[in-house]
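Visitor: I've got a new model to look at. Walk me through it, and keep it brisk.

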2 protein chains.
Amino acid sequence: MTGSEPMSETAFLESGLRSWRIAMDRSGKFFTSRSAEELEKTIAPDRNRLIYLWGHLTAVNDRMIPLLGLGARFYPELDPVFIVTPDRSVANTFTAKDLAEKWNHLDQFLWQKFNALSPAEWLARHEEVSEEAFQAEPHRNRFNVLLNRTNHISFHVGQAILTR
Amino acid sequence: MTGSEPMSETAFLESGLRSWRIAMDRSGKFFTSRSAEELEKTIAPDRNRLIYLWGHLTAVNDRMIPLLGLGARFYPELDPVFIVTPDRSVANTFTAKDLAEKWNHLDQFLWQKFNALSPAEWLARHEEVSEEAFQAEPHRNRFNVLLNRTNHISFHVGQAILTR
């Protein structure tokens, strides 16, 4: 069986990447095809608006760049509006066009970076865990972040589609 | 590096299992701690009730047993109420207690089976894909089902928590 193991680890990794791709395609298609008016809709009475969810997911994707050791963020200015504060608590100066540009740029950037990482790099620690903590908790690796963030997208897409 | 590859494939698999575990714990804790009255709440006006989402996720978990080649289903009687038809279109004869018992039994059964499968078995085809189709699309394996179903749980949990 020598030589079969690297193929296996690639197959597991590819399932994770495929799952991310499905979540990104589904959410990207949904949000980028909404009108500015539709993006003002709330997912339920007194709950988040669509544009908040979209900005939130965009900011979380942007934060994956330093978290996964892939470089510096592009859009830290999203955090005060979409991460730190709840919806409608501060003025949102980002339009649907702004978010679409940021979303698409991040999607292309992350997807290219993701596909360039080796299986060993996916299993290395992410940047929010120290060397020492990683010794004790080796599951705190990049692949774990990928699966968690994929589920986070699915969580909010389940809410977003309630506006249809 | 001989010998490191099997550890790697195990690490990828463990991330997938961990992601499932987190989704199951979160959803199980949420649904089993709701009162019968709370389970009648809808996630948004004219949308699914909580009890429907819970029965739906329970039925989908039950369907994973034959799909993953782990044996026969326990509760096919859930499908007419929670899979085939939308909420409130047929009478629901399942109580919160019924669903909690089924949910917990399936959780324990699946978790034990999942942990007994080898990495190679996780990468083998699932039961809804033929040998021929699997040759062309080797990603249609058990691990892919695991990740998809985990995201499906997250999708509906995102909706369910809107009732709080």
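Guide: One term to start: contact, or touching, means heavy atoms within 4.5 Å. This is a predicted model: local features need pLDDT of at least 70, side-chain atom pairs count only at pLDDT 80 or more, and totals for chains, interfaces and linings use all residues. Residues are numbered from 1 along each chain as its sequence is written, chains are lettered from A and ligands numbered from 1 in the order in which they are written, and side-chain values use heavy atoms, leaving out hydrogens and water.

Visitor: OK. What does A:Phe109 touch?

Guide: Leaving out residues up to four places away in sequence, A:Phe109 touches A:Ile65, A:Leu70 and A:Phe74. A:Phe109 is in helix α4 of chain A, residues 96–116. Helices here are DSSP runs of H or I, at least four residues; strands are runs of E, at least two; both are numbered from the N terminus.

Visitor: Is A:Phe109 buried or exposed?

Guide: Buried, at 17% relative accessibility. The cut-offs: buried is under 20% relative accessible area, exposed is over 50%, and partly exposed is in between, with a 1.4 Å probe and protein chains only.

Visitor: How far is A:Phe109 from A:Asn148?

Guide: 19 Å, C-alpha to C-alpha. The two are 39 residues apart in sequence.

Visitor: Zoom out. How many helices and strands does chain A have?

Guide: Seven helices and zero strands. The C-alpha atoms of chain A fill a box of roughly 60 × 30 × 25 Å along the principal axes. Of its 164 residues, 51% count as buried.

Visitor: Helix packing next. What's the angle between α2 and α7 of chain A?

Guide: About 175 degrees, with the axes 10 Å apart. α2 covers residues 50–67 and α7 covers 142–160. The axes are lines fitted to C-alpha atoms over the stretch in contact, and angles run from 0 to 180 degrees between N-to-C directions. That makes α2(A) roughly antiparallel to α7(A). Over 145 degrees counts as roughly antiparallel, under 35 as roughly parallel, 65 to 115 as roughly perpendicular and the rest as oblique.

Visitor: Which residues of α2(A) and α7(A) make the contact?

Guide: From α2(A), the list includes A:Leu53, A:His56, A:Leu57 and A:Val60. From α7(A), it includes A:Val145, A:Arg149, A:His152 and A:Ile153. By class, the contact has nine nonpolar, five polar and one charged. Nonpolar is Ala, Val, Leu, Ile, Met, Phe, Trp, Tyr, Cys and Pro; charged is Asp, Glu, Lys and Arg; the others, Gly among them, are polar.

Visitor: Over to chain B. At what angle do α2 and α4 pack there?

Guide: About 35 degrees, with their axes 10 Å apart. The contact includes B:Trp54, B:Gly55 and B:Ile65 of α2(B), and B:Ala100, B:Trp103 and B:Phe114 of α4(B). The tally is 13 nonpolar, three polar and two charged residues.

Visitor: Now the core. Which residues touch the most other members of the largest nonpolar core?

Guide: Phe31, Phe114 and Trp122, each from both A and B. The core has 94 residues. A nonpolar core is a set of buried Ala, Val, Leu, Ile, Met, Phe, Trp, Tyr and Cys residues joined through side-chain atoms within 4.5 Å.

Visitor: What does B:Trp122 touch?

Guide: Residues up to four places away don't count here. Among its contacts are A:Phe12, B:Leu13, B:Leu17, B:Phe114 and B:Phe143.

Visitor: What does B:Ser15 touch?

Guide: A:Asn141, A:Phe143, A:Asn144 and A:Leu147, not counting residues up to four places away in sequence. B:Ser15 is in helix α1 of chain B, residues 4–32. B:Ser15 is buried, with a relative accessible area of 2%.

Visitor: Last one: backbone. What's the phi of A:Asp46?

Guide: Near 65 degrees, a positive value in a residue other than glycine. Most residues other than glycine have a negative phi. A:Asp46 is in the loop between α1 and α2 of chain A, and counts as exposed at 74% relative accessibility. B:Asp46 also has a phi near 65 degrees.
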